[in-house]
Amino acid sequence: MELLAGRKCHDALNPLHSLIYFAPEAEEEFTAVGLDQGRMCYFAGRSAAMGAVGAGPVAAAFFNFDPALVARHVPRAWTLASPAAVLEARQRAVDRTLRRLLGDGIAADPEVAEAAALALRAAEACTPAGRTLYAAHAELPVPDEPHLALWHAITLLREYRGDGHLAALTEAELDGPQALVTHTATGRGFTTAFARASRGWTDTAWAQAADRLAGRGLLDTTGALTEAGHALRRSVEDTTDRLAHAPFAHLGQAGVERLTAVGRELTATAMSNGAFPRGVFSRT
C-alpha cells in the first residue's frame, strides 16, 4: 500500500483528535478539577498520560513550544490536579465535545463503531520504542463507548505519527522554532501569527530562527522557502509518512479506505459545526 494512503487517512482523522484543544468543554472540565485557565489545560491535558513529569520531558515531547512557556505551567499543574484526574476530565470533555459537534447520536452510530474498530486494529501495529507520547497513551484503557474508543484510537495513531515526525525534524536539524517557521512557510497548517503566539516564541526568537534558516539556504530574503527549503520539508514529510506507515499497512487497503471515508465525513460535520476558530489554519 502506498504511503499516500496513510497520509490521507491521517489527514481525515487528525482533526477529530485536535479539535479538543479548541473546545470550551475542555477548559471547563480541566478547571473543574483544579487546573488554571489557559495554556495549563493544554500542557497538562496532553501530557497527563505520561504521569506527573516535569517541564523538561513535556517540552521535549511537544518539541515546538518555548520551554519557558511550558515551565510556567508544568510541574505546577500536578500540584493542582493529579494526572489521573486530568485524564478523567479530558475524557468527559471529549464526550461532551463530540456530542456537540457530531450530535448525541454519535454514541450509537454504527459507522463510528466500525471506524473505532478499524482504527484500533491499525493501532495494533504501533510499537513504543522511541515513541514517548504514543507509549504513554497506549497504556491507557480503551473506552467502552464507540465514539470515545474512536477518539482514543485516533490519538494513538496521531501521537505515534507525531513522535516519528520529531525524529524526522531532528534528522533534518530543525529545532522547534525552525520547524514552525519552515512549516508555516509552506502555506499549510497554522498561520504564522497563531503558530508563533500559541507556541510562546517571541518576535526576536522567531526572527533568529528565520536567520538561521536563511544561513542554511532554506529561506530567501523575503522569508519564503527556497528550492532547498521546499526539498527539506518534503523530505521531512516523506520520512514522517514512512515512519507512520506500519499501522496502515497492518490495516490493509480496504480498511484504510473505509476508515478514511468515515473520518472525512465526521471531520466535515465537525468543521461545519465550528470545531476550529478562524485565523488558526492557513488552509482548512
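Predicted model: local features only at pLDDT ≥ 70, side-chain atom pairs only at ≥ 80, totals over all residues.

Student: How many cavities of 30 Å³ or more does the structure hold?

Tutor: There are 2. The second largest cavity has a volume of about 60 Å³, and its lining includes Leu98, Leu102, His147, Leu150 and Trp151. Two or more residues of that lining come from H7 and from H10, and H10 again gives the most, with 4 residues.

Student: How do the residues of the second largest cavity's lining divide by class?

Tutor: They divide into 9 nonpolar, 1 polar and no charged. For the largest cavity, the division is 7 nonpolar, 2 polar and 2 charged.

Student: Why is H10 called largely enclosed?

Tutor: A residue is buried when its relative accessible area is under 20%. In H10, 20 of the 26 residues are buried, so the helix is largely enclosed by the rest of the structure.

Student: How do you know that the span of H10 is close to what is expected?

Tutor: The expected span at 1.5 Å a residue is 38 Å, and H10 reaches 38 Å from its first C-alpha to its last. After the helix comes Glu173, with a positive phi near 60 degrees.

Student: Why is Arg158 called buried?

Tutor: The cut-off for buried is under 20%. Arg158 has a relative accessible area of 18%, so the label buried applies. Arg158 is found in helix H10 and touches Asn14, His17, Ser18, Tyr21 and Arg46, leaving out residues up to four places away in sequence.

Student: What makes the pairing of the Arg158 and Asn14 side chains a polar contact?

Tutor: The pair of N or O atoms must lie within 3.5 Å, one able to donate a hydrogen and the other to accept it. The contact between these two side chains is at 3.0 Å, so the distance meets that limit.

Student: And Thr267, is it buried or exposed?

Tutor: Buried: the relative accessibility of Thr267 is 11%, and the cut-off is under 20%. Thr267 sits in helix H16 (residues 253-272). A polar atom of its side chain lies 2.7 Å from the backbone oxygen of Ala12. Beyond its neighbours within four places in sequence, Thr267 is in contact with Ala12, Pro15 and Leu16.

Student: How far apart are Thr267 and Asn14 in sequence and in space?

Tutor: They are 253 residues apart in sequence and 8.6 Å apart in space, C-alpha to C-alpha.

Student: Which elements give two or more residues to the lining of the second largest pocket?

Tutor: That pocket holds about 250 Å³ of space. Of its 13 lining residues, Leu87, Gln91, Leu140, Pro141 and Pro143 are the closest to its centre. The elements are H7 (83-102) and H10 (146-171), and the largest share, 5 residues, comes from H7.

Methods:
Residues numbered from 1 in each chain as written. Heavy atoms only, no water. 1 Å grid on protein atoms, 1.4 Å probe; cavity = no way out; pocket = protein on both sides within 12 Å on 5 of 7 lines; lining within 4 Å. Points joined across faces, edges and corners; volume = space filled by probe spheres on them. Expected span 1.5 Å × (residues − 1). Buried < 20%, exposed > 50% of the residue type's maximum accessible area, 1.4 Å probe, protein only. Contact = heavy atoms within 4.5 Å. Nonpolar A, V, L, I, M, F, W, Y, C, P; charged D, E, K, R; others polar.
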